[in-house]
Amino acid sequence: MRNELQLDAIDRDILFHLRQDGRLTNVELAKRVGLTPPPCLRRLKRLEDAGVITGYRAVINPEAVGRGLEVMIDIEVSANDLKTVETLEETLSSYEEVIEFRRMYGRPDYFLRVAVADDAAYNAFLIGKLTGLPGILRVESHLTMKKIKTDD
């Protein structure tokens, strides 16, 4: 049984406002959620200590840093031995183009989200890094037409 932290409406409101702007000062956050700063800070610390809030980060515009093309990739593997699977996961995780990497239940075996500059850069990634890796059986690419909703 998990020892889950019970979140009330104020906790959820704090999380909502921090997802919108993680740089809010405690004073501004307290004002938005209807608390004074000391109890707001205590709640924030409790959420951090409990692992509900795991960090703060800057959201970078991919186009501004030359990574405007995002490709979703399904990968199926043919490997059954643990060493090949571990090596494959380690290798794929090390690529800077890979911005998300998940092992899936069922098919595909893995899901990658890759960010590159353009079609030529994606082709170079696909041919130069993915093709020929031991254990990979099939690679299927999906290009995004339009982002509807994302938490990134």
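Predicted model: local features only at pLDDT ≥ 70, side-chain atom pairs only at ≥ 80, totals over all residues.
Helices (H or I, at least four residues) and strands (E, at least two) are DSSP runs, numbered from the N terminus. By class, the residues of the H1 contact with H3 are seven nonpolar, no polar and three charged; Ala, Val, Leu, Ile, Met, Phe, Trp, Tyr, Cys and Pro count as nonpolar, Asp, Glu, Lys and Arg as charged, and the others, Gly among them, as polar. H1 (residues 9–20) packs on H3 at an angle of about 80°, with the axes 11 Å apart, which makes H1 roughly perpendicular to H3. Axes are lines fitted to C-alpha atoms, for helices over the stretch in contact, and angles run from 0 to 180 degrees between N-to-C directions; under 35 degrees is roughly parallel, over 145 roughly antiparallel, 65 to 115 roughly perpendicular and the rest oblique.

Now to arginine 43, which has its place in helix H3. Arginine 43 counts as buried because its relative accessibility is 17% (buried, under 20% relative accessible area; exposed, over 50%; partly exposed, in between; 1.4 Å probe, protein chains only). Apart from neighbours within four places in sequence, arginine 43 is in contact with Asp8, Ile10, Asp11, Ile14 and Leu35.

Helix H2 (residues 26–33) also packs on H3 (residues 37–49): the axes come within 9 Å and cross at roughly 100°, so H2 is roughly perpendicular to H3. Here Asn26, Val27, Leu29, Ala30 and Val33 of H2 meet Pro37, Cys40, Leu41 and Leu44 of H3, a contact of eight nonpolar, one polar and no charged residues.

The largest pocket has a volume of about 620 Å³. Its lining comprises 17 residues, with Leu18, Arg19, Gln20, Gly55 and Arg57 nearest the centre; seven are nonpolar, four polar and six charged. A pocket is an open set of points on a 1 Å grid over the protein atoms alone where a 1.4 Å probe fits, with protein on both sides within 12 Å along at least five of seven lines, and lining residues have an atom within 4 Å of a point. Grid points are joined across faces, edges and corners, and a volume is the space filled by probe spheres set on the points.

The second largest pocket, of about 470 Å³, is lined by 22 residues, with Ile60, Pro62, Glu70, Arg113 and Lys147 closest to its centre. Strands E1 (69–77) and E3 (110–116) each supply at least two residues of this lining.

Residues are numbered from 1 along each chain as its sequence is written, and side-chain values use heavy atoms, without hydrogens and water. Local features need pLDDT of at least 70 and side-chain atom pairs count only at pLDDT 80 or more, while totals for chains, interfaces and linings use all residues.

Definitions and conventions
Contact = heavy atoms within 4.5 Å.
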